Amino acid sequence: MKAFHELHAGNLRRGDLREEIDSKGYVLIRELLPRHAVQSVLADVTSILSDASWLTPESDPLERIPKAGVAFGDPDPIFKSVYQQVFNLESFHALPHQTALRKVMQMLVGDQILVHPKPIGRLIFPNCDRLVVHAHQDYEFMGGDPEFYTVWIPLHDCPVDMGPLRILEGSHRFGVQQHQRENLHVPEIPIDAAAGDDWVGGTVNAGDVLIFHSLTVHAASPNASDRMRISLDCRFQDAHRVLNPSNLVFSGESGKSWEKTYAGWQSDNLKFYWKSIPLTFNPSKAELERLAETAESQSARTKYARIVNQLA
Ligand SMILES: O=C(O)CCC(=O)C(=O)O
């Protein structure tokens, strides 16, 4: 696989960033985030995994070595309950708001950035094919305006055998690509059908960030190491552009809420921060209210009603 092209945080210029993203669909920035900030989130996450008895007690939780025979992933109920604890961490939500990252994202999207409030944590057990995320575009899952960017942040050094993300360079130029859904838990683009130039990849270290466009096709590499791969991905856009409101709320049946998420937080600074930003929704609140009455299935009507209630 061709190696990532990389920029260094020490000499970033708006024009270089724009050129990288426009030509390749991604930019890898080395040493952007303070390593201690990333490692402190890792410590919080691995403490939860250790308490859940996922990790071998003989080693430091920061080493992320799973107990023999243990491997969980979505949609396993055990995975969901442990993931919920990770999602509730204040440090997990604070990482995307790090000043250095905000500045870079402002260079890319403009001064009025919206940090999508629901980062995703990846807790990837080694040597477990069913947990490998296949090729897709994030726009397929997030909707709204395709001019948003994902930032992939490993919480530890991630050499190729530990399963970092890889990118189909230039694929953002091919518009929305066809995702297959039949018999799949998560839709994906068949690897041979994905349009783009070369697949690129390589080691991504703690402190590095991999930024890519919502239409850039990407996939995880298999984790062939003896450790869990733990990363966070989050999304940024110009706050003036439309947003799919489901990116702000919890539309599933899990009973998640922001109040539950915030229950153990020390500071109020990041609670509901997006409520003070004027946003334009697509679908609009009026459309969602109509869908809550008219959508074909009962489960879809309930889902839309949940979104409407949380936007109130
Ligand atoms: O980290 C992974 O395994 C997948 C991440 C991903 O697909 C994303 O950030 O959109």
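Colleague: Let me start with a rule: two strands count as paired if DSSP finds at least two bridges between them. Which strands form the open sheet here, and in what order?

Modeller: Four strands form it, in the order β1-β8-β7-β10, and the pairing is mixed. Strands (E, at least two residues) and helices (H or I, at least four) are DSSP runs, numbered from the N terminus. One caution is that this is a predicted model, where local features need pLDDT of at least 70 and side-chain atom pairs count only at pLDDT 80 or more, while totals for chains, interfaces and linings use all residues. Residue numbers start from 1 along each chain as its sequence is written.

Colleague: Good to know. Which strands stand at the edges of that sheet?

Modeller: β1 (2-3) and β10 do; each has a single partner strand, so one side of each is left without a neighbour in the sheet.

Colleague: And in what sense do β1 and β8 pair, parallel or antiparallel?

Modeller: Parallel, over two bridges, with β8 covering residues 199-201. A3 has G201 of β8 as its bridge partner.

Colleague: Switching topic, which residues surround the ligand?

Modeller: Look for R122, I124, V133, D138, T150, W152, L165, H218, A220, S231 and D233.

Colleague: How many of the shell residues are nonpolar, polar and charged?

Modeller: Five are nonpolar, three polar and three charged. Here Ala, Val, Leu, Ile, Met, Phe, Trp, Tyr, Cys and Pro count as nonpolar, Asp, Glu, Lys and Arg as charged, and the others, Gly among them, as polar.

Colleague: Now the helices. How do the axes of α1 and α5 cross?

Modeller: The axes of α1 (residues 14-24) and α5 (residues 99-109) come within 9 Å and cross at roughly 70°. Axes are lines fitted to C-alpha atoms, for helices over the stretch in contact, and angles run from 0 to 180 degrees between N-to-C directions. The two helices are therefore roughly perpendicular to each other; that label covers 65 to 115 degrees, with under 35 roughly parallel, over 145 roughly antiparallel and the rest oblique.

Colleague: Which residues make that contact?

Modeller: R14, L17 and I21 of α1 meet V104, M107 and L108 of α5. Residues are in contact if their C-beta atoms, placed from the backbone, lie within 7 Å. Five of these are nonpolar, none polar and one charged.

Colleague: What about α2 and α3, how do they run relative to each other?

Modeller: Their axes come within 10 Å and cross at roughly 150°, with α2 at residues 35-51 and α3 at 77-87. They are therefore roughly antiparallel to each other. V45, I48 and L49 of α2 touch V82, Q85 and V86 of α3.

Colleague: Last one: which peptide bonds are cis?

Modeller: Two to look at are the bond from D74 to P75, with omega near 5°, and the bond from N282 to P283, also with omega near 5°. P75 sits in the loop between α2 and α3, and P283 in the loop between α7 (258-262) and α8. Most peptide bonds are trans, and most residues other than glycine have a negative phi. N127, not a glycine, has a positive phi of about 50°.

Notes:
A residue is near a molecule or strand if its C-beta atom, placed from the backbone, lies within 6 Å of it. Two residues are in contact if their C-beta atoms, placed from the backbone, lie within 7 Å.
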